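These are my notebook entries on a single protein chain.

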Amino acid sequence: MPTKAKALPARPMTKPRVALALAGGGPLGAIYEIGALCALDECLYGLKLHQCSDYIGVSAGAFIAAGLANGIRPRDMCHMFIDDPLADEDFDMNALLRPAWAEVLQRSARAPWLLAQGLWGWAAQGHSLGSILETLGAALPTGLLDNEAVHREIEALLTRKGRCNDFRQLKASLTLVATDLDSGDAAPFGQPGWEHVPISRAIVASAALPGLFPPVEIDGRHYADGALKKTMHASIALEQGVDILICLNPLVPFLANQGVTERERIPPLVRGGLPVVLNQTFRSLIHSRLELGMKHYAQDYPDTDIVLLEPDHRDAQMFLANTFSYRQRRELAEHAYQQTRHWLRLNAVRLTQVFARHGIGFDAEMLHDKNRHLVVGMLQSPAPAARLNAVLDALEAAMKTGLEPKRAPA
């Protein structure tokens, strides 16, 4: 929804400075953002999302922001990562799932020495047996997946066809935020003093979610996911005096038990067990920080129009998504595309005045075209509420019987 501290008069007829801030959310977040960006790019005139003046990216949003800053259009991103890949733009999605064998072997090699150290502390220095386990903790890998494989794929993508992997050579301002693991401070790669780092390296640092990917070493420091500090980091663009800031946030807490009929009503999420509870907890923590940040942005930067797009809190399909399924990637991108078009139609009256101040308007024909799709050849999937009920029922039955839960229909 648009956030505005006060109404502003019409601005002079100069080219507006448009900033785009993309939050994280793993593969799901990237898919949502691609679908939503395609909808914005097609339904608005006077706005070219691959030609904005400022880009802020965090985690998965860093990857999308870097592509846009390199002139890759949202539709081209959809072809590369979701729909049928272009022959010369193939991005190996399997790189996201390669085990971090180097990290595992390096840590495992330390286990004998750490065990000996722990036993010595117990036997000679009177340490507790629990201290042995604490000592052995240093032998555990810091991440399960190999972000070096991801880096190689991104580096190859950004160094072909005249694109660039150097912040200093971009026409637009690009900032990709990671978190310094040893201080907890935000690391704004692309800003003065941080611009020498290759864009591809900054992306994997910003997306290094602890436990999933190992921290990324840059200039002797180690960096992890940028969302550890803030959800959006949009203040970086606001401090530059941009005229309008468009924010995309893919992760919101799910609002259950809101169906009108009994069939549509979602059961309590606790029935889904630990994975569902952790999913909801993570989303709630991330979103609460975003809400607080957006309030401060409106108060501290009243001369900038701020528009926030995010999924509906009742959207079961976004909450349940398995983004590592090729078919579901296509479905989710289409879903995000259509839901964003729907949101634009619902908020067109309010947004028209905001966008008009910056020379942006709605393409009514494109916005209301009921036959328009992002991904061709999509089949009708089950209703999201019915699918969520099926998944929760399967999980509950599995916990009672000890059997492997059956997959809900795709």
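Predicted model: local features only at pLDDT ≥ 70, side-chain atom pairs only at ≥ 80, totals over all residues.

**Entry 1: α2 against α8.** The axes of helix α2 (residues 60–69) and helix α8 (residues 199–206) cross at roughly 155° and come within 7 Å. An angle over 145° counts as roughly antiparallel, and α2 and α8 are therefore roughly antiparallel to each other. I noted the handedness as well: α2 passes α8 in a right-handed crossing. I then listed the residues that meet. Ala62, Phe63 and Ala66 are the contributors from α2, and Ile199, Ile203 and Ser206 are those from α8. Sorted by class, the contact of α2 with α8 holds five nonpolar residues, one polar residue and no charged residues.

Entry 2: How many of the residues of α2 are buried? I found 10 of its 10 residues buried, and I recorded the helix as mostly covered. I next checked the backbone on either side of the helix. Ser59 lies in the loop between β4 (54–58) and α2. Its phi is near 55°, a positive value in a residue other than glycine. Ser59 counts as buried, at 7% relative accessibility. Just after α2, Gly71 takes a positive phi of about 85°.

**Entry 3: α1 against α3.** Helix α1 (residues 26–43) and helix α3 (residues 74–81) have axes 8 Å apart and pack at an angle of about 150°. That makes α1 roughly antiparallel to α3. In this pair the crossing is left-handed, with α1 passing α3. From α1, the residues in contact are Ile34, Leu37, Cys38, Asp41 and Glu42. From α3, they are Pro74, Arg75, Met77, Cys78 and Phe81. I counted the classes for the contact of α1 with α3: seven nonpolar, no polar and three charged residues.

Entry 4: Is strand β10 enclosed or open? Five of the five residues of strand β10 (residues 305–309) are buried, so the strand is largely enclosed by the rest of the structure. I recalled that side chains in a regular strand alternate between the two faces of the sheet. I therefore examined each side of β10, and both faces are covered. Asp305, Val307 and Leu309 are buried on one side, and Ile306 and Leu308 are buried on the other. For the pairing, I found five bridges between strand β9 (residues 244–248) and β10, which run in the parallel sense. Within this pair, Leu245 stands opposite Ile306 in β10.

**Entry 5: β8 and its two partners.** I followed the pairing of strand β8 (residues 221–224) with strand β5 (residues 173–180); the two are antiparallel and joined by two bridges. Here Asp180 stands opposite Tyr223 in β8. Strand β7 (residues 216–218) also pairs with β8 in the antiparallel sense, over three bridges. β7 and β8 form a hairpin with two residues between the strands. I looked up Asp219, which lies in the loop between β7 and β8. Its phi is near 55°, a positive value in a residue other than glycine. Asp219 is exposed, with a relative accessible area of 59%.

**Entry 6: Glu365.** Glu365 is found in helix α14 (residues 364–367). Glu365 is exposed, at a relative accessible area of 70%.

**Entry 7: the whole chain.** The protein has 15 helices and 11 strands. Of its 410 residues, 49% are buried. Among contacts between residues at least 6 apart in sequence, 76% join residues at least 24 apart.

Technical notes: Residues numbered from 1 in each chain as written. Heavy atoms only, no water. Buried < 20%, exposed > 50% of the residue type's maximum accessible area, 1.4 Å probe, protein only. Helix = DSSP H or I, 4+ residues; strand = E, 2+ residues; numbered from the N terminus. Pairing = 2+ DSSP bridges. Axes fitted to C-alpha atoms, helices over the stretch in contact; angles between N-to-C directions. Parallel < 35°, antiparallel > 145°, perpendicular 65-115°, else oblique. Left-handed = near helix turned anticlockwise from the far one by under 90°. Contact = heavy atoms within 4.5 Å. Nonpolar A, V, L, I, M, F, W, Y, C, P; charged D, E, K, R; others polar.
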